[in-house]
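The questions below ask how a few of them apply here.

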Amino acid sequence: LRKSVFLKMSSRFFAKLRDFDVYPKTIQDYQVKTLAGAAVSVCGIILMVTLFLGELSLYLSTTTVHELSVDTSRGEKLQINFDVTFPRMPCSIISLDTMDISGEQHLDVTHEVYKQRLDEIGNAIADKTLEHNIQSNKTMIRKMMDGSANASDFVDAPTTTPSLSAETECGSCYGAEDQPGDCCNTCDEVRDAYRRRGWAFFNMENIKPCKDEGTRLKEQEEKNEGCRVTGTLEVNKVAGNFHFAPGKSFQNIGFQLHDLLNFQRNVVQHNVSHVINHLSFGKKFPGRINPLDGLSRFTEFKSGMYQYFIKVVPTKYAYLNKSVIDTNQFSSTEHFRKIEGLQRGLPGVFFFYDLSPIMVTFAERSNSFLELVTGVCAIVGGVFTVTGIIDSTIYTGQKIAKKLQLGKLH
């Protein structure tokens, strides 16, 4: 008895539950299949597959989100990567100097800086003293170009210093000796001694090492050449500047000067036309844009001063595997000033940089599986509904058209 009562209750329950079926079925004998319905179905399937592949591709890809915060980093260094071509200035007179607001200065920087002589049409000139530095460090230069170079990637440039035998006399530094007994046996050693004392270096014709080495003749031979300067700098993470200028730098009573007197006879060499092949701050990260890459500036003036004012924005990039890159991006404005004589400024290309107090953080994010399921359901349901409406509309239209042909539509 209990079993029969249970069966009756179950049958009633399932009968009531059957009323909730929102997908009522029709007998297959009463279903009508049409050619238009088949075409709509095929188009719907193709559309669903296409949208599904797009949704799957979106799920497998990563998205990048960014946020802004105050930069609280301290005591870090700023890496500057550069590749600049000077088509009208020879390598022998280009000097690279850096300085910052903390008072730190580096004059005539040569460490991790590489120069390549260029002829009048821009082709590289083989230079035995520089060829090893450029050719043997192609890997380093490629890393520097994409902003991933660091100090361990560089190889110190070999220097060639003439060996002094016991019979070699101690050359004079022409009054610029730091201590009694200092020797200057080459023109560069005399120049460096003058620079340490803060003296301008001129009248090379009266300095024996320069005359013996034919320094003036060498400068005359190179006056129509150009130069490509590549390398990297490590500077304090404070506002400062670095610049390329003709002549060697020296200090005098707290001011930085350049000894341009030796180059005044060939003022055409002060043409500061240049091409910035690459300039970046820090390592490369996906999506970074260097606004000065490929910038060309040519001037017909014999002397001029190009100034680039750069705002460096500290940046962090977090990859999906949790690794983080500390780097930078920047914006820039520029200004050019014609120089008539030495009293109005120093010819050269100057980059003044300042740091933003705001840090930008980019982080890669993957899409969740739940988003994929939701998207697929939306695609299937949406396409199925739309194709059903289209098929019903076409079928109804065909029935009306037939009735019109038979004259049965009233």
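A crossing of two helices is left-handed if the near helix is turned anticlockwise from the far one by less than a right angle, and right-handed if clockwise. Helices (H or I, at least four residues) and strands (E, at least two) are DSSP runs, numbered from the N terminus. This is a predicted model, in which local features need pLDDT of at least 70, side-chain atom pairs count only at pLDDT 80 or more, and totals for chains, interfaces and linings use all residues. Residues are numbered from 1 along each chain as its sequence is written, and side-chain values use heavy atoms, with hydrogens and water left out.

Q: Which handedness does the crossing of helix 2 and helix 8 have?
A: Helix 2 passes helix 8 in a right-handed crossing.

Q: Why are helix 2 and helix 8 called roughly antiparallel?
A: Angles over 145 degrees between N-to-C directions count as roughly antiparallel. Helix 2 (residues 35–60) and helix 8 (residues 369–406) pack at about 165°, with their axes 9 Å apart, and are therefore roughly antiparallel to each other.

Q: What makes the link between the side chains of S73 and D71 a polar contact?
A: A polar contact is a pair of N or O atoms within 3.5 Å, where within protein one must be able to donate a hydrogen and the other to accept it, and residues adjacent in sequence count only if both atoms are side-chain atoms. The side chains of S73 and D71 are joined at 2.7 Å. A second polar contact, of 3.2 Å, joins the side chains of S73 and K237.

Q: Where does S73 lie?
A: S73 is in the loop between strand 1 (62–70) and strand 2 (77–86).

Methods. Axes fitted to C-alpha atoms, helices over the stretch in contact; angles between N-to-C directions. Parallel < 35°, antiparallel > 145°, perpendicular 65-115°, else oblique.
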